[in-house]
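Have the viewer open and follow along.

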Amino acid sequence: MANVANIETLGLSGIGKVFYNLDYETLRTHEIQRDEGETSQNGTFIVDTGIFTGRSPKDKYFVDQPPSNKHIAWGNINQPIKKAVFDELFTKVKAQLSNKDIYIQDAYCGASLASRKKVRFVTEVAWQAHFVKNMFIRPDESELEDFAPDFTVYNACKCVNKDFQKHGLYSDVFVVFNIEENIALIGGTWYGGEMKKGIFSMMNYWLPLEGKLSMHCSANVGEKEDVALFFGLSGTGKTTLSTDPKRRLIGDDEHGWDEDGVFNFEGGCYAKCINLDKESEPEIFGAIKPNALLENVVVNEEGIVDYKDGSKTENTRVSYPINHIQNHEPTLQAGHPKNIIFLTADAFGVLPPVSKLTKEQAMYYFLSGYTAKVAGTERGITKPVATFSACFGEAFLPLHPTVYAKLLGEKIDQHGVNVFLINTGWTGGSYGVGKRMSIKATRTCINAILDGSINDISFENFPVFNLQIPVALEGVDDTLLNPRNTWSDKNRYDEERIKLAQMFIDNFQKYLGVDKEFDYVASGPVIK
């Protein structure tokens, strides 16, 4: 039963039936009865999120008010909205949700008891409650009895803001965070990921101000309780490489690092489904079963999903509880990391397959968040394009990126963490000429990092970038370790290396003079 006092605090003028923390079976019944989607052949529910098949980053705002406004890094990512406009939008949202049957889903964000937040989600759509139940940590019955949220999300996806031009907003869609009132409003978009990434953004605000690091990464732990973190943008192999039958998965996307160690923010996974194949990704394929929730996939009359069909979107997704992955860490937390791995898919064929970083270089490459997109990944891309996303997740950082980089450096020092840069991209030439780094070679490099054997070999300097690269590594062709050796035209390689180095230098201009305590530039490429 819902706590009546808690429901009254929602501020709605009237409420129909309140469905409070329904179990999976009941949610499934509601989804079917309300005709919110269809069911696949194996019993997985499928929904369509309409025209919004991804986040709406241009419609994301923070209320500009003290004292939180002095911490936020305002700009294209963190856009300000006036308190008066927020109040008008809140009135619209409450009007949309009033006198309706509503779903309340309470959840924890953060497996660490010292760092978790209690979050309440309010929506009129059953599958969105299902999505939240999948993605966040599910309290038990005793914890729900006196659950008092630290933050409340009102998801009024059916509410559009027709006054957006008067309000000076981008469109009739809005995703707004009021830090002082601990409220988020969602309107005009049905995409479930707005709730997931919205709370991730808030964790990225709260935790660093407490001296704790929030991270956009996957994490696993080995038999010797050694923890590894994997940072990387889309297409770098983060999910694939952190999924290891010999290591327990802590989480696939969002983590914190506090005084006790690393912990998952979430209680589930949100995996891409496009071209999903049982042989290449058996864990994810096997996780798609009842209680999972498929988004925007194409299904035939027999209920069979065609994962190769991207006609609705290339961003087809599935959310599922993490216990659908057999080899996961049930506590969703572990000790302090032994190794940190930055993944980049360098389509220019310049970077080595593995490099060892100093603490200062780790902060530099963390701030850079580099990878490269290739033809076919996005509309209009016909040749490799460098992409820099600070801290490998700039879209979700309310604070200035250097805040997170400094915390990373402090924790590397404190816990003696090894940091490596792995290139999962091209070798022997750029995209279209060279070839993609073999998964076998990449796995061999990562296994050497995880078992510690890489620390017992000799390294040499990689010019221009001044990285330390292995002279030899068992199981990897010596020629591959220095990418210059893989190019037939060495002069062309030297030119491409200078070009990529200049891209890093140009991207880093925005950090010049930001932090008087640390000269980040000195740890990056140097062109003489």
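## Ground rules

This is a predicted model, so keep the limits in mind: local features need pLDDT of at least 70, side-chain atom pairs count only at pLDDT 80 or more, and totals for chains, interfaces and linings use all residues. Residues are numbered from 1 along each chain as its sequence is written, and side-chain values use heavy atoms, with hydrogens and water left out.

## The five-stranded sheet

Start with an open, mixed sheet of five strands, ordered S2-S3-S17-S20-S16. Strands here are DSSP runs of E with at least two residues, helices are runs of H or I with at least four, and both are numbered from the N terminus. Two strands pair if DSSP finds at least two bridges between them. At the edges sit S2 (38-39) and S16 (268-272), each pairing on one side only. S16 runs antiparallel to S20 (residues 317-321), with five bridges between them, and Lys-272 faces Arg-317 of S20 across that pairing.

## Helix H4 across the sheet

Which helix lies across S3, S16, S17 and S20? That's H4 (residues 126-135), which runs at about 115° to S17. The angle is taken between N-to-C directions on a scale from 0 to 180 degrees, using axes fitted to C-alpha atoms, for helices over the stretch in contact. Contact means heavy atoms within 4.5 Å.

H4 is largely enclosed by the rest of the structure, because ten of its ten residues are buried. Buried means under 20% relative accessible area, exposed means over 50%, and partly exposed is in between (1.4 Å probe, protein chains only). The buried residues of H4 include Trp-127, His-130, Lys-133 and Met-135.

Now move to S10 (residues 183-187), where five of five residues are buried. Ile-183, Leu-185 and Gly-187 point one way, while Ala-184 and Ile-186 point the other.

The S9-S10 hairpin has four residues between its strands, and Asn-182 takes a positive phi near 55°.

## Two loop residues

Is Ser-98 buried or exposed? Ser-98 is buried, at 5% relative accessible area, in the loop between H3 (83-97) and S6 (100-109). A polar atom of the Ser-98 side chain lies 2.6 Å from the backbone oxygen of Lys-94. Leaving out residues up to four places away in sequence, Ser-98 touches Leu-12, Ser-13 and Gly-14.

Gly-235 is exposed, with a relative accessible area of 53%, and lies in the loop between S12 (227-232) and H8 (238-242). Neighbours within four places aside, Gly-235 is in contact with Ala-345 and Arg-436.

## Cysteines

How many disulfides are there? The count is zero, where a disulfide is a pair of cysteine sulfur atoms within 2.5 Å. For Cys-217, the nearest cysteine sulfur belongs to Cys-391, 12 Å away. Cys-217 is buried at 0% relative accessible area, and Cys-391 counts as buried at 4%.

## Aromatic rings

The whole structure holds 32 aromatic pairs. Rings of Phe, Tyr and Trp (its six-membered ring) pair if their centres lie within 6.5 Å; planes under 30 degrees apart are stacked, over 60 edge-to-face, and the rest tilted. Phe-151 and Trp-206 have ring centres 5.5 Å apart and planes at 80°, so this pair is edge-to-face. Phe-151 lies in S8 and Trp-206 in H7 (residues 193-209), so the pair ties together parts 55 residues apart in sequence. Phe-151 is buried, at 0% relative accessible area, and Trp-206 is buried at 11%.

Phe-263 and Phe-265 make a tilted pair, because their centres are 5.8 Å apart with planes at 55°. Both of these Phe residues are buried. There's also one aromatic cluster whose members include Tyr-364, Phe-388, Phe-462, Phe-504 and Tyr-520.

Notes
A polar contact is a pair of N or O atoms within 3.5 Å; within protein, one must be able to donate a hydrogen and the other to accept it, and residues adjacent in sequence count only if both atoms are side-chain atoms.
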